[in-house]
Amino acid sequence: ALTIQTNDDFLPVGSVTNPTGAEFVQGTNEEVRYLFKLNGSYQLGWGITASGNFNWNDGDIRIRTINGPGNVFGGVGQGQITYNTLNYLPRDAERFGSTALLDAGVQKVFSFAGGRYRIKAMFDGFNLLNIATVQSYTSNNASLSTSSQVSNVVPPRVFRFGAQISF
C-alpha cells in the first residue's frame, strides 16, 4: 500500500485575529507526505511459516521557534498580546528523517499425540535494518540549548525467541 498526502493549509481571509506569523502557516503541509507499507506471510513446508512487515514513513515536521518579546501593545482599544515564542520558518520547512522499518518472523509447529498437543517455536526480528532515526528533540525553541538535545530515537534492532504450548 502506498499513501501520498498533501494538505496545504490556508487560512481564510478574516480568520486570523493576530496576523503576526500567519505567513509561516499559509500553504504548509503539516501532514506526513508519504507512507508505504508492504507485508505478507508464506506457509513453507514442514509446518514452517515466514512473515514480514515493511513500513516506510515520511518524517514528521519540526516546528522551530525562538523566544518572543513577551507582552506587547495590541493597538488602540486592544489589550496586550503575549508573544512568548515566535515562528521564524514555515511550519513545514524542517522535517525529521524518514523511517524504514523491517520486521520479520519465522514459526515452526511441532505436533504430538495426533495433533492434540502442539508447541509453536517462534523467532522474530524487529528493526532489521537497524536504523537510528531521530524522532524528536527536547525542545523546538532555537533560543534554548535543549533544541539540539535528542529526546527520542527509533529503538535498535531486537530479536525475540518464544514458544506457545497448546493442549
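Visitor: Is Arg33 buried, partly exposed or exposed, and what is its relative accessibility?
Guide: This is a predicted model. In this model Arg33 counts as partly exposed, because its relative accessibility is 38% and that class runs between the cut-offs of 20% and 50%.

Visitor: Which residue does Arg33 form a salt bridge with?
Guide: The partner of Arg33 is Asp58, and their closest N and O atoms are 2.7 Å apart. Arg33 lies in the loop between β3 and β4, and Asp58 in the loop between β5 and β6, so the pair ties together parts that are 25 residues apart in sequence.

Visitor: And Asp58, buried or exposed?
Guide: Asp58 counts as buried, because its relative accessibility is 6%. Asp58 also belongs to a network of salt bridges that links Arg33, Asp58 and Arg95.

Visitor: How many salt bridges are there in the whole structure?
Guide: The search finds five. One of them joins Arg62 and Glu94, at 3.7 Å from N to O. Arg62 is in the loop between β5 and β6 and Glu94 in the loop between β7 and β8, so this pair ties together parts 32 residues apart in sequence.

Visitor: Which other residue forms a salt bridge with Glu94?
Guide: Arg64 does, with the closest N and O atoms 3.4 Å apart. Arg64 is in the loop between β5 and β6, 30 residues from Glu94.

Visitor: Are these arginines buried or exposed?
Guide: Arg62 counts as buried because its relative accessibility is 5%. Arg64 is buried as well, with a relative accessible area of 14%. Glu94, at 28%, counts as partly exposed.

Visitor: New topic. How many helices and strands are in the chain?
Guide: The protein chain has zero helices and 12 strands. Of its 167 residues, 18% are buried.

Visitor: How do β6 and β7 run, and how many bridges join them?
Guide: They run antiparallel and are joined by seven bridges. Asn67 stands opposite Thr85 in β7. The hairpin of β6 and β7 has six residues between the strands, and in this hairpin Gly75 takes a positive phi near 110°.

Visitor: What about rings? How many aromatic pairs are there?
Guide: The count comes to five. Among them, Tyr34 and Trp56 are edge-to-face, with 5.3 Å centre to centre and 65° between the planes. Tyr34 lies in strand β4 and Trp56 in strand β5, so the pair ties together parts 22 residues apart in sequence.

Visitor: Why is the pair of Phe123 and Phe159 called stacked?
Guide: The planes of Phe123 and Phe159 are at 5°, with the ring centres 5.8 Å apart, so the pair is stacked. Phe123 is in strand β9 and Phe159 in strand β12, 36 residues apart. Ring pairs also link Phe123, Phe159 and Phe161 into a cluster.

Visitor: Last one. Which residues make the nonpolar surface patch?
Guide: Phe110, Phe112, Tyr117, Ile119, Ile165 and Phe167 make a patch of about 660 Å². β8 and β9 each supply at least two of the patch residues.

Visitor: Where is Phe110, and what sits over its ring?
Guide: Phe110 is in strand β8. The charged end of Lys108 sits over the Phe110 ring, 4.9 Å from its centre. Phe110 counts as partly exposed, because its relative accessibility is 39%.

Notes:
Residues are numbered from 1 along each chain as its sequence is written. This is a predicted model: local features need pLDDT of at least 70, side-chain atom pairs count only at pLDDT 80 or more; totals for chains, interfaces and linings use all residues. Side-chain values use heavy atoms; hydrogens and water are left out. Patches are made of residues with over 30% relative accessible area and no salt bridge: like charges are joined within 9 Å, nonpolar side chains (Val, Leu, Ile, Met, Phe, Trp, Tyr) within 5 Å. Accessible areas come from the Shrake-Rupley method with a 1.4 Å probe; for residues, only the protein chains shown count as cover. A salt bridge is a side-chain nitrogen of Lys or Arg within 4 Å of a carboxyl oxygen of Asp or Glu. Helices (H or I, at least four residues) and strands (E, at least two) are DSSP runs, numbered from the N terminus. Buried means under 20% relative accessible area, exposed over 50%, partly exposed in between (1.4 Å probe, protein chains only). Rings of Phe, Tyr and Trp (its six-membered ring) pair if their centres lie within 6.5 Å; planes under 30 degrees apart count as stacked, over 60 as edge-to-face and the rest as tilted. A charge sits over a ring if NZ of Lys or CZ of Arg is within 6 Å of the ring centre and within 35 degrees of the ring normal. Two strands pair if DSSP finds at least two bridges between them.
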